Amino acid sequence: MGRVIVIEDNHIFADYVCRLLASKGFQSVSTFNCNGARKLFAKMQEDDIVLADMRLPDGDGIALLEELRKQGRNNPYIVMTEHGEIPIAVRSLKLGAEDFIPKDLLEMNLPSLLRSLQKRMERQDAPILERTSGAFKKIYDKIRLVAPTNMSVLILDESGTGKEHIAEKIHARSKRTTGPFVPVDCGLLSKELAASELFGHEKGAFTGAESKKQGFWEEAAGGTLFLDEIGNLPQEVQQMLLRALEAKRYRPTGGSKDKKADVRIIAATNEDLQTAIAEKRFRADLYQRLKEYTIQIPPLRECREDIMPLADFFLQLANDEFEKQVKGFDAEARKRMLAYTWGGNVRELKRVVRMAVLHTEGDTVTADTLEFDEMPLAADDSLALDDMEKKQIIHALEQAKGNRTLAAALLGIGRTTLYNKMKAYGIE
């Protein structure tokens with residue numbers, strides 16, 4: 001992330017804010033009036049964030065916001081407020097401010113807000129390939145259908161298929177798109193601190209709780225909370241999550257009063273939750289609450305028409321990263337990639353392509369640079385795979401009574417892909 005541009009006329013308070021930011025790992029630069037802010041705006045980068053006081057000696061923070069937006073700059077803009085300035089601060093949101101924070105709550109709320117903005121900006125900048133296989137077209141149709149609702153969504157898949165990407169697409173198409181998207185890997189939450197991480201805690205709630213802490217639930221208010229590997233949540237936290245979902249209320253650890261937060265949940269797992277329920281590791285009532293709508297992501301080996309477009313996409317990303325000019329894959333490399341099982345799915349494909357580009361001296365990736373996690377299929381296995389695919393195509397054409405469009409739909413592939421495969425296999 002770039003710098004935080006602090007605009008505050010009180011020199012002592014400005015210095016305090018900059019020191020607070022530095023202690024949390026953020027770079028900052030400060031100015032004390034509108035003229036100074038304009039000079040910084042002229043040199044600002046796309047990933048800079050503005051933190052501005054409402055009232056300044058030669059103008060106000062909202063007027064600066066309007067100027068910035070008229071210049072076509074969409075950098076996140078946060079307004080600092082005093083007591084009694086809330087109505088004016090609300091007007092700043094209508095003009096495109098990201099948020100406003102009372103100055104007395106700055107230390108508690110600002111770092112988490114900046115981290116949320118950083119994650120959102122990184123996601124917006126990250127290039128993503130839209131997959132075109134028949135299976136993923138159906139998934140995108142499901143996303144378009146469920147995104148505008150407030151239904152909880154459960155994403156099921158194998159590891160490495162891109163759960164967070166699907167969750168982000170749901171959030172981006174939802175009515176909450178201007179709110180935060182907060183991803184949480186439940187597998188990284190310790191049993192002791194999982195409740196505090198999700199719902200926050202009060203000062204003194206437990207040993208080491210030296211200050212009040214905001215949880216992920218509050219951070220996601222007005223937006224989407226993505227809980228990856230949901231099956232790893234401790235039982236007692238599952239109960240708290242169920243209550244928060246059903247009552248729209250939660251209580252921070254050590255707190256005496258409930259809080260409210262409007263949060264949409266998208267959960268994901270590569271675990272069989274039905275087995276976890278049978279083994280008393282996951283609550284059946286929470287499972288039913290999470291699976292209001294389910295999206296099953298197929299493994300990469302079931303979407304083979306996506307393999308080479310994804311590989312070409314990752315090759316270009318690796319070229320940019322390593323400053324190389326690799327143009328593509330030779331015939332043997334393509335054959336091995338198409339025949340491989342991809343147990344690690346898209347994540348493994350990206351790693352294999354990235355390392356292959358790094359090791360390539362010429363302008364073409366060769367098969368000997370591909371470092372698979374498992375042994376690739378032998379030549380005989382590859383031929384068997386081709387034979388199996390050919391039989392599937394013939395069977396689909398028979399079911400569709402020769403209608404190629406219908407056969408392609410039955411196979412979950414595009415019509416052009418079907419034509420190409422029929423030609424390659426000599427199917428009339």
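Me: How many residues does helix H1 have, and how far does it reach from its first C-alpha to its last?
Reply: Helix H1 covers residues 11–23, has 13 residues and reaches 18 Å, close to the 18 Å expected at 1.5 Å a residue. The expected span is 1.5 Å times one less than the number of residues. Helices (H or I, at least four residues) and strands (E, at least two) are DSSP runs, numbered from the N terminus.

Me: Before we go on, what are the ground rules?
Reply: This is a predicted model, in which local features need pLDDT of at least 70 and side-chain atom pairs count only at pLDDT 80 or more, while totals for chains, interfaces and linings use all residues. Residues are numbered from 1 along each chain as its sequence is written, and side-chain values use heavy atoms, with hydrogens and water left out.

Me: Which residues of H1 are buried?
Reply: Phe 13, Ala 14, Val 17, Cys 18, Leu 20 and Leu 21. Buried means under 20% relative accessible area, exposed over 50%, partly exposed in between (1.4 Å probe, protein chains only).

Me: Where do they sit, seen down the axis of H1?
Reply: They fall within an arc of 160 degrees, so they line one face of the helix. The arc is taken from the directions from the helix axis to the C-beta atoms. An α-helix has 3.6 residues a turn, so residues three or four places apart point the same way.

Me: And what is exposed on the face of H1 turned away from the buried side?
Reply: Ile 12, Ala 22 and Ser 23.

Me: Which residue caps the N-terminal end of H1?
Reply: Asn 10, with a side-chain oxygen 3.0 Å from the backbone nitrogen of Ile 12. After H1 comes Gly 25, whose phi is positive, near 90 degrees.

Me: Switching to sheets. What is the order of the open sheet of 5 strands?
Reply: S2-S1-S3-S6-S7, with parallel pairing. Two strands pair if DSSP finds at least two bridges between them. The edge strands are S2 (28–31) and S7 (99–102), each pairing on one side only.

Me: How many bridges join S1 to S3?
Reply: 4 bridges join S1 (residues 4–7) to S3 (residues 49–53), and Val 6 stands opposite Leu 51 in S3.

Me: Which strands does helix H3 touch?
Reply: H3 (residues 61–70) packs on the sheet and touches S1, S3 and S6, where contact means heavy atoms within 4.5 Å. The direction of H3 makes about 175 degrees with that of S6. Axes are lines fitted to C-alpha atoms, for helices over the stretch in contact, and angles run from 0 to 180 degrees between N-to-C directions.

Me: Now S10. Why is it largely enclosed?
Reply: Because 5 of the 5 residues of S10 are buried. Thr 224, Phe 226 and Asp 228 are on one side, and Leu 225 and Leu 227 are on the other.

Me: Which strands run parallel to S10?
Reply: S9 (residues 181–185) pairs with S10 in the parallel sense over 5 bridges, and 4 bridges join S10 to S13 (residues 264–269), also parallel. Val 182 stands opposite Leu 225, and the bridge partner of Phe 226 in S13 is Ile 266.

Me: Last one: is Gln 238 buried or exposed?
Reply: Gln 238, in helix H10 (residues 235–247), counts as buried at 0% relative accessibility. A polar atom of the Gln 238 side chain lies 3.1 Å from the backbone oxygen of Arg 281.

Notes. A polar contact is a pair of N or O atoms within 3.5 Å; within protein, one must be able to donate a hydrogen and the other to accept it, and residues adjacent in sequence count only if both atoms are side-chain atoms.
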